[in-house]
Amino acid sequence: MNEKQIGKINLKLKVIVPINADYDKILFKWRWPKGFICPGCGSDRIPSKQRKGKIYQCLDCKYQASLTAGTIFHKTRTPMHIWCRIIYIFVKAKKNRSIDAIKITDITKIVGYKNYKSIYYICDKIRSSINEPDSDIDISWFADYFDELRSDEEL
Ligand SMILES: [Zn+2]
């Protein structure tokens, strides 16, 4: 990819996957698409948020459910908008059958995140997650989510 292409995708992604989206809310929707179900007691009462919204506590049994435990986002220190922008790139590339052509150096420039090691790790996680069709939590959901968000706004 040349600098011009990189700049173009960078601008596009800033619009599609905004930095100021409510990522805790989005993660919640992804984890519990039909609403919260407590893994401890099966209660479906809306849990209370703990610690910056990443942990939810069941009102009935006090079970603490984490938004990110057991997922590829577990303990990440990279902001969610960076993750989601990279997921978006990979999901679209998979549809175009160009997923193997993605260069990590291009991704670093596209998302404007200089930590090559983190980006390398993230890309590796995302690539294998997208290539494993039986993974129980499908991260390509995020790409669809942001596409739908935009088409709703255009109406
Ligand atoms: Zn419970």
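User: Why does Lys-62 count as exposed?

Analyst: In this predicted model, Lys-62 has 12 C-beta neighbours inside 10 Å. The cut-off for exposed is 12 or fewer. Lys-62 therefore counts as exposed.

User: Where is Lys-62 found, and what is its phi?

Analyst: Lys-62 sits in the loop between β2 (55-57) and β3 (64-66). Its phi is near 70°, a positive value in a residue other than glycine.

User: What makes Lys-75 exposed?

Analyst: Lys-75 has 7 other C-beta atoms within 10 Å. Exposed means 12 or fewer, so Lys-75 is exposed. Lys-75 lies in the loop between β3 and α3. Phi is positive for Lys-75 too, near 60°.

User: How do you know that the buried residues of α4 are on the same side?

Analyst: Those residues are Ile-107, Ile-110 and Val-111. They cover an arc of only 80° around the axis, so they share one side of α4. Their cover includes α1, α3 and α5. Just after α4, Gly-112 takes a positive phi of about 60°.

User: Which residues touch the most other members of the largest nonpolar core?

Analyst: Trp-83, Cys-84, Ile-86, Ile-87 and Tyr-88, out of 24 residues in that core. Helices α1 (3-16), α3 (80-95), α4 (104-111), α5 (116-131) and α6 (140-154) each supply at least two residues. The most come from α3, with 10 residues.

User: What does Tyr-88 touch, not counting residues up to four places away in sequence?

Analyst: Tyr-88 touches Leu-13, Ile-16, Val-17, Ala-143 and Phe-146. Contact here means C-beta atoms within 7 Å.

Definitions and conventions. Residues numbered from 1 in each chain as written. Predicted model: local features only at pLDDT ≥ 70, side-chain atom pairs only at ≥ 80, totals over all residues. Core = buried A, V, L, I, M, F, W, Y, C linked by C-beta atoms within 7 Å. Buried ≥ 20, exposed ≤ 12 C-beta atoms within 10 Å, placed from the backbone. Helix = DSSP H or I, 4+ residues; strand = E, 2+ residues; numbered from the N terminus. Contact = placed C-beta atoms within 7 Å. Arc of directions from axis to C-beta.
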